Amino acid sequence: MKFEWFVASRYLRSRRKQSFISLISIISIGGVALGVATVILAIAVLNGVEHGLKERFLANEAHVVLMLHGSDFFGGYTQRIAQIEALDEVVAASPVVYSQVAVFPEHSKRIQDVIHIKGIEPAKEDIVTGFSRFVAGSVDFQNSPLIAKAERLSDNTVTGGIVLGARLADRLGIVKGDILRLVVELQEHPINPDTFIPDLSNFVVIGLYESELAVYDNSFGFIHIAAAQKLYNRANRVNAIFVRLRDAEVAPQAAPRITDTVQFSVLEGLPIARTWMEVHAPLFAALRLEKTLTVVIEALIILVAAFNIASTLIMTVMEKTRDVGTFRTLGASRGSIMGIFMIQGSVIGILGTLLGTGLGLTLCWLLSSNSLRPSPWWALIVAMPVLLQVLIALRRITPRPGGFKMALWLFWLVSIGFGLYCFVKPISLVELGLSQIYQMNQLPIKVNWFFVGFINALSFLICWLATLYPAWQAANLNPVEALQHE
Amino acid sequence: MTHSREALIRIKDLHKSYYDGEAELPVLQGVDFMVRPSEMLAIVGASGVGKSTLLHILGALDRPTAGTVFYEEQDIFTFPDKALARFRNEHIGFVFQFHHLLPEFTALENVAMSAILGGVTQQSSVHPHTDKAKEIASCYDTRSVYTRAQELLAYVGLSERQEHYPSQLSGGERQRVAIARALMNQPQVVLADEPTGNLDSRSSEAVLELLWLMNAQAGQTFVIVTHNKELAERADRTVHLVDGKISTAGKW
């Protein structure tokens, strides 16, 4: 292979000896590098979104929710929770009264919203969903000073305190200390609006719930479990048990064990245990689809870059046709000729892939690192190389050692790197107004190393395949015709 | 054919036709002759008579339509591509009318190229046993390859030009580099196609001097295609190619 390497490495350089590598090779390498860099970055973002959402779901939510079919209430929950908590994989379980109610603020005359209500046991709920971590204000549903204060100011009797999703509160136009009225049970037959008097309960807003999950901040209210039971007239009964596991990933295996453990009689109903994965299945499925499509599109980008390599090689083969004839007369076999051009193409592929990986990972790091960057004015230093290049152009007449060439390349690399460091910062989703949609504050980045390896292998394989046809073409040139080629 | 035992190359009933669609264009129509070791053989004939085609077939660059070529009684066209390439590398040197030097390589590299090309197998035949021996041999070989290339360049009078690229050399100098290259692997035979066809008379004289010097000193066999009368007269023997056949007048 010595001969093939010797020739291929010479062909990679330009005709003019001054250049480290020929322009056409640089363009081909750049094509591959950009393809690989974008795919790494795109997948890192999608991965970041998925990972970020997962993390938030797991921080805010129970891993398994046990309910009866039709959300029927059931009794004996203390004992059932003890049974569930006895399971190895379970950290804690918390009883919940869960339903939807229509609400309106005290000063309003009509229903403004329908919200989710969760009646909880604060201490237990804290272990299962980390509830109190997200509350600004009190979580003392019975004895918060705000309750007494509101009772004094209002004519209505107060049932208890409520912790309201922060954005929901904004939308309803109420603040801590205000009273929210819950319309508990609408009659099921048609209502005559003139005579209808709803069953109302008044709750004082004692705290605001603000997590990183918009769905809770937008539509949830939390009250004490006893108040909820009173509301629905279901003393000592609940309709859901929320469970936290040691490892969220084993939820699919844990769910059936939980339903087996808590035995419900036929009269009580059919138990259903839903895992957090099932709850969010459509979202994760959509993300997976998006990822797959991204990989396909990016593979096409790399394919385009590979075509670039193929055309570079075809041009080289055309340009070197006479050389090929000469090599054949000197005794190069078809295999050797093929080797020369395959090495040339593969080197472009490898350099492009490695450069692209470097660039992609650098961008990932820059987009996720919140370290303080120098002022962009400093980046003006990047303009310095341009001045330097002018100086070099003036010096072109004088011969210079190869070391200088390398130093120049290094200098450019450092300059561009520094420019990127100054300008590429994490993208704020808050500023873009997307933080509610994605439920995150900044564009999340998570590098999947397995995927980086995969895309490296894929890119190299595609580039290698792209070399086959031009190399084969060169190998099959007729030596006599090649020699006479003009 | 009584001398066939001492023949280096024996050409037997060689036919070559080119095809343009359906039309057959016969070029060689039964060529028979032989080349003896260490002789200077000139092949002469009118333009388009098939001299170059004959030379290409002799050098195994092209395949005959019928008939074959024996080198030391071996039919070279029975070799597969790889073996044929190796054979070309080890036994045949070429000099063309156009120098056909590689523009991206220096004069020295151009001369050394055929040895670099043949490299690995030559080493392994010398040190076949261990990887270490191969490694040592490869260092030694690279050095000796360039040493030999330098010697050859000195021999053709271009010691000062070894780091020059072909574009930096004159026509005569390029052709001398090409001759040095043809001799690099010490081939049994050098095939030359109008080696002075592209040169002025002074350069051409220098190149011819060199060829005869090589023949005299190293005993190299030369087969030279030419229509240069003077050259043909200087040759040990001349073969005339007329109408795709060896004319009887020219046969020995």
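Modeller: What follows starts with the cores and goes on to a sheet, a helix and the contact between the chains.

This is a predicted model, in which local features need pLDDT of at least 70 and side-chain atom pairs count only at pLDDT 80 or more, while totals for chains, interfaces and linings use all residues. Residues are numbered from 1 along each chain as its sequence is written, and chains are lettered from A and ligands numbered from 1 in the order in which they are written.

A nonpolar core here is a set of buried Ala, Val, Leu, Ile, Met, Phe, Trp, Tyr and Cys residues joined through C-beta atoms within 7 Å. Buried means that 20 or more other C-beta atoms lie within 10 Å of the residue's own, with C-beta atoms placed from the backbone. The largest core has 118 residues, and V111(B) and V223(B) have the most contacts inside it. Its largest share, 14 residues, comes from helix α2 (residues 23-60) of chain A. Helices (H or I, at least four residues) and strands (E, at least two) are DSSP runs, numbered from the N terminus. Leaving aside residues up to four places away in sequence, V223(B) touches V35(B), L41(B), I43(B), L55(B), L58(B), V189(B) and L191(B); contact means C-beta atoms, placed from the backbone, within 7 Å.

In chain A, strand β2 (residues 90-105) runs antiparallel to β9 (residues 240-245), joined by six bridges; strands pair if DSSP finds at least two bridges between them. P95(A) has I241(A) of β9(A) as its bridge partner. Eight bridges join β2(A) to β3 (residues 113-120), also antiparallel, with S99(A) partnered by I117(A). With β6 (residues 179-183), β2(A) has four bridges in the antiparallel sense, and V103(A) is partnered there by L182(A).

Chain B has seven helices and 10 strands, and 43% of its 252 residues are buried. In its helix α2 (residues 81-91), the buried residues are A85(B), R88(B) and N89(B). Seen down the axis of α2(B), these fall within an arc of 95°, so they line one face of the helix; the arc is that of the directions from the helix axis to the C-beta atoms.

The contact between the chains takes 19 residues from chain A and 22 residues from chain B. On the side of chain A that touches chain B, α12(A) gives the most, with six residues.

How values were computed
Contact = placed C-beta atoms within 7 Å. Buried ≥ 20, exposed ≤ 12 C-beta atoms within 10 Å, placed from the backbone.
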